[in-house]
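Hi,

Here is the model I said I would pass on.

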Amino acid sequence: MEPVVSVRGLRKRYGQVDAVAGIDLEIERGEIFAFLGPNGAGKTTTVEILEGFRTRTGGEVTVLGIDPAHGDAAWRNRVGAVLQESNAEPGLTVRESLQLYSGYYLEPRDIDETIALVGLEEKADTLGPQLSGGQRRRLDVALALIGDPELVFLDEPTTGFDPSARRNAWDVIDGLRGLGKTVFLTTHYMDEAEQLADRIAVIAGGRIVAEGTPGTLGGRNLMAATIRFTLPAGTGADDLPPELRAQLAGEDGRVTLTSQTPLVHVGALAEWALARGIDLPDLDVRRPTLEDVYLELTRSDA
Amino acid sequence: MKTPAARGPLAVVLHQARFELRSFLRNRQARFFTLVLPLLFLVIFVAVFGNDKVGALHLPAKVYYVPGISALAVIAASFVNLVISITVLREEGILKRRRATPVPAWVLIAGRTLTALGVSLASVVVLLLLGRFAYGVRIPAHTIPGLAITVVVGSISFSALAYAFSTAIENEDAAQPMVQAVMLPLYFISGVFIPAVNLPSWLSHVAQVFPVEHLSGGLHHAFAPATTGIGIVWSDLGVVALWGAIGLAFALARFSWLPKAASA
């Protein structure tokens, strides 16, 4: 089946700077795709080219089979967009705003059902500008969904939210999966990408530096685990058996080993410690988190 | 039931105008400046000048000021309010979000212009009623078509100018002062506040370049008791419409739906 979004060699140049320096993307139907990167990495530039708001300097782009630079009304009927910054319609309630927007589409979703989908039933008759930040964002999502689009762009949907508002927003976005929508999400929060996405691409300095599922991103499944523990007084890292000493990565009161095969090394460590009657109460084995991977991948741009 | 979009662009224009009007009526500041302030001006000018004979035709001030303030009311609804509202909607990303929908740009513009036209007509009718019942000022029945046509052409032209003028405004805070900086002097030299015969001729010549003078001139003509025919001054109407056409062309070339502040 044809991909929903297909990007080849996309470039966008502002003056002397390549904001987007040749990226490739492919997003399948029904996928929740996260475009992860620090501020200024080129996320919004890319998504606005895909939405048809910006022109590109080079490369090929199709969204739902159409070049967004020439997207017509029929194409816009199939695409919904939650913009990074857009306020509520002034002077209209939540329900009225949705009535206004539903009139723009040929086959809109049911208004009350859409209000319920984003959890604004209690606020349906509240004026949009009087909503809290989190509620306003949910109204944005409802307005993007009212036309029953196949593809939804969400540009940093939770920036500036408190933790509970973020949880609520995540529930709403996760609910789009059940509707079979394809979702293109940009975010600079690793936990958000990890929580929501089927697939993640990390962008830094206008280039894609890694792509994968939340579990495999940046070779995360291959990256070494770290084993940490504190030895009792009188015992040093030099006393460890040679196969563990070979894995030594640091000793500053606490010993750190890195290991591609943590089970083998933890086993050897346990055998050695038990034989000597040493307990290791703070023993800790850790895989790199997505955050570690992300910081590693985007470090050169800091 | 078919949606407005399914019934065609004109249905969407009406749909848009209906919601724009609702939003306008809920905005206290817009209501005051557009609907109440012209009434206050009329009451104040009539209270001060009352039965003085003013203008080239030596009309009583109360007869003179109903059309003059009507011109102000049309401009308040179609230009002042519209420029401010467009700038706010643009800077808050609301116009951009509307452009992400399938609605053609001209439909959104036509819907908002229709709202301005409706408010202009309502505002002029209220001024007429106040003039009629508080001050006994009557408009000759045969010039009512001329009055109505002048208001309609004026409102549409000033709406087009509003879209053009908004392109020069950088942010929401600048909208109100910029609009007043342009309109207040024009009100003074264009027969809205002060009869043109009281101005030095060079100032009258300056005023005649701009559309405010021609809108107020057209409305004064429609109100004057001596006017015969349907009350249209084609030259005035032509100048107003020409300004509107220039505004429209400029807006088509320069108008942006995206916030200026964030277009990095």
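B:Ala73 sits in helix α4 (residues 61-91) of chain B; helices here are DSSP runs of H or I with at least four residues, strands are E runs of at least two, and both are numbered from the N terminus. B:Ala73 is buried, since 29 other C-beta atoms lie within 10 Å. For that label, a residue is buried with 20 or more other C-beta atoms within 10 Å of its own, exposed with 12 or fewer, and partly exposed in between, with C-beta atoms placed from the backbone. Apart from neighbours within four places in sequence, B:Ala73 is in contact with B:Pro38, B:Ser120, B:Ser123, B:Val124 and B:Leu127 (contact: C-beta atoms, placed from the backbone, within 7 Å). Its C-alpha is also 9.0 Å from that of B:Leu121, 48 residues away along the chain.

Some housekeeping before you dig in. This is a predicted model, so local features need pLDDT of at least 70 and side-chain atom pairs count only at 80 or more, while totals for chains, interfaces and linings use all residues. Residues are numbered from 1 along each chain as its sequence is written, and chains are lettered from A and ligands numbered from 1 in the order in which they are written.

On confidence, chain A has a mean pLDDT of 89, with 98% of its residues at 70 or more (pLDDT is the predictor's confidence in each residue, from 0 to 100). Within chain A, the lowest stretch is helix α10 (residues 290-298), with a mean of 76, and the highest is helix α3 (residues 94-102), at 97. Where pLDDT is low, the predicted coordinates should not be read in detail.

Now chain B as a whole. It has 11 helices and 2 strands, and from the N terminus on the order is α-α-α-β-β-α-α-α-α-α-α-α-α. The C-alpha trace of chain B spans about 55 × 45 × 35 Å along its principal axes. Of the 264 residues of chain B, 52% count as buried. Among its contacts between residues at least 6 apart in sequence, 81% join residues at least 24 apart.

Which residues have the most contacts inside the largest nonpolar core? They are A:Ala142, A:Phe184, A:Leu185 and B:Val83, in a core of 145 residues. α4(B) gives the most to this core, with 20 residues. (A nonpolar core is a set of buried Ala, Val, Leu, Ile, Met, Phe, Trp, Tyr and Cys residues joined through C-beta atoms within 7 Å.) Not counting residues up to four places away in sequence, B:Val83 touches B:Ala162, B:Phe165, B:Ser166, B:Ala175 and B:Val179.

α7(B) is largely enclosed by the rest of the structure because 18 of its 23 residues are buried.

B:Phe223 is in helix α10 (residues 211-223) of chain B. B:Phe223 is buried, with 26 other C-beta atoms within 10 Å, and touches B:Val63, B:Val66, B:Pro67 and B:Ile139, leaving out residues up to four places away in sequence.

Between the chains, the contact takes 25 residues from chain A and 23 residues from chain B. α3(A) gives the most to the chain A side, with 4 residues. That side has 13 nonpolar, 7 polar and 5 charged residues; Ala, Val, Leu, Ile, Met, Phe, Trp, Tyr, Cys and Pro count as nonpolar, Asp, Glu, Lys and Arg as charged, and the others, Gly among them, as polar.

Last, some backbone angles in chain A. Most residues other than glycine have a negative phi. A:Leu64, not a glycine, has a positive phi of about 55 degrees, lies in the loop between β4 (58-63) and α2, and counts as buried with 20 C-beta neighbours inside 10 Å. A:Glu156 has a positive phi near 45 degrees, lies in the loop between β6 (151-155) and α6 (163-178), and is buried with 22 other C-beta atoms within 10 Å.

Cheers

Notes. Two residues are in contact if their C-beta atoms, placed from the backbone, lie within 7 Å.
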